[in-house]
Amino acid sequence: MATSIFLAAAEAGSGRSAIALGLLDQLGRRAETVGVYRPLVRSASVDDNPSLDLLLSRVPAPDPLADCIGQTFTDLHAHPDRTMSRIIDRFHLIANRHPVTLIDGAGHSDIGSPADVSVDARMAANLASPMVVVLSGEDRTPAQLRVAAENTVTVIRQHHAQVLAIIANRVDPDLVEATCTALEGLPGVGGTYAVPSHPVLAAPTVRDLLKAGGGTLVHGDNSLLDLEAISLAIGAMTLPNMLSRVAEGSVVLVPGDRADVLLGLLLAHHSWNYPALAGIVLNGGLEVDPRVTTLVDGLRLSLPVVSVPLDTAEAAATFGSVVGRITRSSTRKIHTALALMEEHVDTAAIVDNLDVASSGAVTPLMFEHQLIDRARQLDRHIVLPEGEEDRILLAADQLIRRKVARLTLLGNPDVIATKAQRLQVDIAAAAILDPVNDNLRERFAHELVELRKAKSVTWDLAWDSAQDGSYFGTMMVLDGLADGVVSGSVNTTAHTIRPALQVIRARPGVSVVSSVFFMCLPDKVLVYGDCAINPDPTAEQLADIAISSAATAQQFGVEPRVAMLSYSTGRSGTGADVDKVRAATELVRQRTPDLLVDGPMQYDAAVEPDVAATKTKDSPVAGRASVLIFPDLNTGNNTYKAVQRSAGAVAIGPVLQGLCKPVNDLSRGSLVQDIVNTVAITAIQAADT
């Protein structure tokens with residue numbers, strides 16, 4: 001079986017990069033590393049190879065771009081046979097480094113006519129790499145796509161290459177089902193799929209327009225230049241007429257001396273009654289009146305306002321010819337492409353045709369993929385109390401696009417909508433509840449009085465607590481209105497878990513709620529506990545933490561081998577701290593006799609086989625521990641941060657354990673991907689409770 005996939009476009013404008021992202025994503029779930037190779041290019045510069053640069057940005061420890069390039073088109077035209085031989089030689093340099101390789105074919109903007117798919121077919125046959133072929137569905141009927149697919153397959157077979165799959169991309173959304181039917185039964189083709197067009201993928205970014213027009217940013221947020229310009233509008237008419245023509249995601253072209261239209265559009269962008277714009281372009285090379293500039297600067301608006309030297313006709317023609325590309329900074333395009341591929345193409349079935357040898361290693365990317373895949377299958381409902389936070393909204397956009405979980409955002413609906421508009425995120429599928437004004441507040445307040453009556457909680461205190469997002473979200477979970485809570489990107493750990501401890505409480509038989517981090521090292525995942533909650537646990541609590549951590553590890557596919565850590569190994573040390581760990585280890589053995597556990601043990605003896613052979617013999621855990629239990633919070637918290645920063649590990653957590661229903665805490669420094677991962681973890685925990 002092959003160890004590579006050759007992705008080819010049957011014609012220009014097929015949107016191959018989106019398909020490549022989906023295939024690469026699936027390969028990353030199977031293999032520790034993935035090679036990327038482009039056999040033919042215009043030149044070896046990054047600027048001439050945006051799709052290759054994009055793909056390399058999506059794999060861990062990528063090869064240098066220059067290594068991933070075969071030969072140039074000039075070489076091919078001048079010396080066809082010699083160039084093909086060199087393409088094969090350079091491919092094997094990459095293929096020998098990785099268990100599987102994605103070959104990104106030549107593409108037809110460089111070659112000429114659709115018949116030149118034969119170039120890709122020749123290379124695929126010589127590289128013994130089965131092909132996935134992308135057709136453009138733009139302005140085509142299902143019947144036309146069937147004919148194009150048959151013709152393409154005929155050309156490929158003439159060169160003795162194998163076709164794993166045909167994917168019709170950029171299909172009219174209303175014709176996807178009919179296209180799938182039309183493509184069925186292609187002789188000798190493993191699978192056929194249809195992917196709908198999407199405006200985000202087709203649109204250039206505001207930055208693309210700025211570069212094409214030779215412009216500069218004069219107002220607004222530079223990072224928002226990477227938002228997509230879904231449409232272009234000409235703003236040379238009076239403001240009332242202009243307002244009726246703007247649409248969501250529009251870039252409006254405005255003469256530089258029309259301050260009235262500029263100010264009106266800025267107001268419209270921030271109005272509830274008009275769509276959010278992607279940007280404003282001032283054309284003509286005309287300088288805005290300094291008094292107007294001062295006024296706009298004082299508003300501190302984030303909407304990008306760009307100035308270009310072109311007149312209206314030149315600018316409209318230039319911008320109309322700009323093609324939308326997916327680049328490494330195109331976050332929304334990347335996640336849209338992945339979501340479309342996950343929904344419409346069975347990439348797992350395609351990759352099943354390859355011989356991807358598993359080393360048993362689990363990389364951070366593989367672990368994250370496993371989380372997302374499991375959460376998608378479970379379809380759980382997660383509440384996010386910090387719905388007004390930018391990172392939460394950006395994460396919500398990704399979670400919704402990829403159908404990781406159903407979401408409820410808590411916060412002021414007006415604030416959330418304004419921020420979502422500014423960030424250009426789509427959260428329409430999420431429910432938004434305002435704890436201050438929602439009818440559930442009174443219900444939750446009554447329940448809090450009853451639940452906390454032993455603590456003499458008054459109605460006034462319960463009423464005030466119920467408007468707090470952490471309490472409101474926790475009560476939603478308690479009452480079965482949601483499956484889990486994720487919070488802490490703004491609030492403290494104590495603020496997040498206090499409501500859970502008060503009303504959800506620990507599982508029967510669990511004396512202490514604790515936490516773990518999943519430490520994703522380059523080739524494996526370790527579980528660290530407790531690094532976030534309990535400052536100085538007793539021996540009994542430490543035993544509880546170990547048992548809970550082992551269960552969490554098992555839940556997420558990590559075989560638990562528990563090391564109870566201390567500053568000495570075995571019986572080499574004495575003292576209260578070591579004695580506590582020794583006692584905790586015995587308690588774990590008594591309570592869970594089938595669990596592999598050993599301690600006290602030093603960290604190096606727990607994870608390094610050579611050290612373990614010297615310090616402790618006949619241990620079922622030493623040298624290969626997967627769950628590491630720290631004696632106190634000081635040791636655990638500092639160790640996880642040291643490993644995270646010094647070893648480059650990806651730390652996912654803290655993941656709370658021991659509660660009857662899942663509530664998870666975020667670090668206040670959490671990135672968007674951290675939030676996505678934690679929501680997926682919470683959904684998985686919810687399924688098991």
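Mentor: Gladly, and let us begin with a helix on a sheet. Helix α27 (residues 633-646) lies across β17 (514-520), β18 (525-529) and β22, running at about 15° to β17. Helices (H or I, at least four residues) and strands (E, at least two) are DSSP runs, numbered from the N terminus. Contact means heavy atoms within 4.5 Å. Axes are lines fitted to C-alpha atoms, for helices over the stretch in contact, and angles run from 0 to 180 degrees between N-to-C directions.

Trainee: What should I keep in mind about the model itself?

Mentor: It is a predicted model, in which local features need pLDDT of at least 70 and side-chain atom pairs count only at pLDDT 80 or more, while totals for chains, interfaces and linings use all residues. Residues are numbered from 1 along each chain as its sequence is written, and side-chain values use heavy atoms, with hydrogens and water left out.

Trainee: Which strands does α28 lie across?

Mentor: α28 lies across β17 and β22, at about 35° to β22.

Trainee: In what order do the 6 strands of the open sheet come?

Mentor: Strands of a sheet pair through backbone hydrogen bonds, either parallel or antiparallel. Two strands count as paired if DSSP finds at least two bridges between them. Here the order is β20-β19-β21-β18-β17-β22, with mixed pairing. β20 (596-601) and β22 (650-657) stand at the edges with a single partner strand each, so one side of each has no neighbour in the sheet. From one strand to the next, the twist averages 20°. For a parallel pair, look at β19 (residues 561-565) and β21 (residues 627-629), joined over 3 bridges; Met-564 has Ile-629 in β21 as its bridge partner.

Trainee: Is Thr-682 buried or exposed?

Mentor: Buried means under 20% relative accessible area, exposed over 50%, and partly exposed in between (1.4 Å probe, protein chains only). Thr-682, in helix α28 (residues 672-687), is buried at 0% relative accessibility. Leaving aside residues up to four places away in sequence, Thr-682 touches Ile-382, Gly-484, Val-485, Val-486, Pro-662 and Asn-664.

Trainee: Where is Leu-384, and what does Leu-384 touch?

Mentor: Leu-384 sits in strand β13 (residues 381-384) and is buried, with a relative accessible area of 0%. Beyond residues up to four places away in sequence, the contacts of Leu-384 include Ile-392, Leu-407, Val-486 and Val-679. Leu-384 and Gly-484 are 100 residues apart in sequence, yet their C-alpha atoms are 8.9 Å apart in space.

Trainee: How many salt bridges does a search of the whole structure find?

Mentor: A salt bridge is a side-chain nitrogen of Lys or Arg within 4 Å of a carboxyl oxygen of Asp or Glu. The search finds 33. In one of them, Asp-352 and Arg-30 meet at 2.9 Å, N to O. Asp-352 lies in the loop between α15 (347-351) and α16 (364-378) and Arg-30 in helix α1 (residues 16-30), so the pair ties together parts 322 residues apart in sequence. Asp-352 is partly exposed at 49%, and Arg-30 is partly exposed at 27%.

Trainee: What about Glu-586 and Arg-589?

Mentor: Their side chains meet in a salt bridge at 2.7 Å, N to O. Glu-586 and Arg-589 are 3 residues apart in helix α24 (residues 576-591), which means about one helical turn separates them.
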